[in-house]
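This briefing goes through one protein model by topic. The sequence and the coordinates come first, and the notes follow.

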Amino acid sequence: MFRTYPLKFLLGKMPTKSKISVRNYIPRRALLYVPGDDRKKIDKALGLDVDCIALDCEDGVALNRKVEARATIREFLDKGKPKGPTKFDLGVRVNSIDSGLCHEDLVSCLGGSFLPDTVLLPKVESSEHVLWFADEISHLIKAEDRINLIIYIESALAFINLGDICKTAKQLSKRFSFELVALVLGSDDLLANLGAIRTEDSKEILYARQKLVLTAKAFDLQAIDMVYINYKDLDGLKKQCEEGMRMGYTGKQVIHPGQVPVVHEAFLPTKSQVNWAEGLLKSFEEHQKSGKGAFTYRGSMIDMPTMKQAQNIMKLAKLGK
Ligand code: COA
Ligand code: MG
């Protein structure tokens with residue numbers, strides 16, 4: 001099932017013209033999983049105000065329901081992307097390459113009348129996995145079409161190879177019909193792989209959580225944080241969202257509709273942050289004109305890096321409008 005391809009071979013095989021285009025930023029604050037075999041939940045998800053829906057073939061679907069999930073997703077996609085209350089990114093999470101199910105998932109979910117916006121590829125552990133995916137895509141998607149790719153990092157090996165994985169996916173994005181847009185922290189699989197024990201503050205995977213966001217930023221990708229599985233505890237969810245956001249995460253995986261509004265709100269800056277940033281940018285401009293690089297604003301020293309942070313806040317604030 002799992003074939004290996006040298007990078008040089010694949011790069012030589014495809015047309016050389018880059019298909020990269022400048023695309024609008026698509027927010028992915030809440031990434032909602034919907035079991036692909038559950039038509040009722042799919043319909044429910046479409047009625048929600050959510051940034052991103054992932055129709056799941058993987059861990060949200062029982063082993064004996066995989067075929068049903070593929071068929072349900074295909075039937076759904078064949079009707080075209082329905083309109084939700086807001087514009088949303090429609091993704092399909094396929095099974096991992098090593099599961100032996102991924103090829104069939106891709107053939108089914110990308111073989112219909114309409115493509116999803118995004119493929120979510122779990123348990124990517126090496127560049128070889130990305131090469132395998134690129135080869136599949138080259139057979140399934142027309143050169144003029146394009147699909148987003150979101151990669152899941154959820155094992156120790158994947159973390160060791162993370163830079164190579166991103167580098168390869170970025171390189172291949174220039175020649176194949178996909179574009180790597182985000183990394184997801186697969187915290188539960190990572191915990192299992194490490195033999196670590198989950199705690200409320202997730203200290204046991206702090207290094208991985210930081211490494212993922214750091215690498216995502218290095219490759220200009222969105223970083224999507226861990227799932228908060230106690231889905232009825234919205235205070236706990238809010239706290240974990242805010243922690244992730246402070247680290248630089250741009251969104252979070254969610255499993256239940258009730259989590260969506262909390263996550264959406266948490267991944268927007270607060271009013272007082274916006275107020276701080278607006279004032280700072282104004283003051284920065286004035287000080288630049290008078291030739292001052294560093295200055296004091298509300299009692300703190302401000303220079304270029306703080307100004308960039310204020311710009312980030314304003315960019316995010318615009319998403320909420
Ligand atoms: N997507 C869309 N709708 C969902 C949903 C989801 N992920 N989770 C729950 N709902 C719907 C329910 O169908 C129900 O709809 P209704 O009011 O029209 O009947 C409503 O939201 C309230 O759901 P609730 O009764 O509180 O939860 P539940 O017992 O139906 O489901 C879970 C609880 C955890 C099983 C369910 O949320 C789920 O399957 N989540 C996804 C899990 C998953 O994908 N895991 C893998 C990725 S980590
Ligand atoms: Mg996982």
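Asp-225 stands opposite Lys-252 in strand 8. The chain reaches strand 8 from strand 7 by way of helix 10 (residues 234–247), in a right-handed β-α-β crossover. The model is a predicted one. Eight strands close into a barrel in the order 1-2-3-4-5-6-7-8, with parallel pairing. From one strand to the next the twist averages 30 degrees.

**Strand 7 and its neighbours**

- Strand 7 and strand 8 (residues 251–254) run parallel and are joined by two bridges.
- Toward strand 6 (residues 178–185), strand 7 is held by three bridges, and these two strands also run parallel.
- Leu-183 has Ala-223 as its bridge partner in strand 7.
- Side chains in a regular strand alternate between the two faces of the sheet.
- In strand 7, Gln-222 and Ile-224 point one way, while Ala-223 and Asp-225 point the other way.
- These four residues, Gln-222, Ala-223, Ile-224 and Asp-225, are all buried.

**Strand 4 and its neighbours**

- Strand 3 (residues 89–93) pairs with strand 4 in the parallel sense, over three bridges.
- Val-92 finds its bridge partner in strand 4 at Val-119.
- A right-handed β-α-β unit is made by strand 3, helix 4 (residues 102–109) and strand 4.
- The next crossover takes the chain from strand 4 through helix 5 (residues 127–140) to strand 5, and this one is right-handed.
- Strand 4 and strand 5 run parallel, with four bridges between them.
- Two of the residue pairings with strand 5 are Val-119 with Leu-149 and Leu-121 with Ile-151.
- Val-119 therefore has a bridge partner on either hand, Val-92 in one pairing and Leu-149 in the other, where pairing of strands is defined by DSSP bridges.
- Strand 4 (residues 118–121) is covered on both faces: Thr-118 and Leu-120 lie on one side, Val-119 and Leu-121 on the other, and all are buried.

- Glu-154 sits in the loop between strand 5 (147–153) and helix 6 (156–160).
- Asp-189 belongs to helix 8 (residues 187–194), and the pair links distant parts of the chain, 35 residues apart.
- Glu-154 counts as buried because its relative accessibility is 5%, where the limit is under 20%.
- Asp-189 is partly exposed, as its relative accessible area is 27%.

**Cysteines**

- The count of disulfides comes to zero.
- A disulfide would need the two sulfur atoms within 2.5 Å.
- Cys-166 is in no disulfide either, and its nearest cysteine sulfur, that of Cys-52, is 18 Å away.
- Cys-102 is buried, at 0% relative accessibility.
- Cys-166 is buried as well, with a relative accessible area of 0%.

**Positive phi angles**

- Asp-220 has a phi near 60 degrees, a positive value in a residue other than glycine.
- The loop between helix 9 (206–218) and strand 7 (222–225) holds Asp-220.
- With a relative accessibility of 67%, Asp-220 counts as exposed.
- Arg-298 is another residue other than glycine with a positive phi, near 45 degrees.
- Arg-298 is in the loop between strand 9 (295–297) and strand 10 (300–302).
- The relative accessible area of Arg-298 is 54%, and Arg-298 is therefore exposed.

**Domains**

- The domain assignment of the protein chain gives domain 1 (7–267) and domain 2 (272–319).
- The centres of domain 1 and domain 2, taken over C-alpha atoms, are separated by 34 Å.

Conventions. Residues numbered from 1 in each chain as written. Chains lettered and ligands numbered in written order. Predicted model: local features only at pLDDT ≥ 70, side-chain atom pairs only at ≥ 80, totals over all residues. Heavy atoms only, no water. Buried < 20%, exposed > 50% of the residue type's maximum accessible area, 1.4 Å probe, protein only. Right-handed = clockwise from strand over helix to strand, strands pointing away. Domains from an automatic or database assignment. Axes fitted to C-alpha atoms, helices over the stretch in contact; angles between N-to-C directions.
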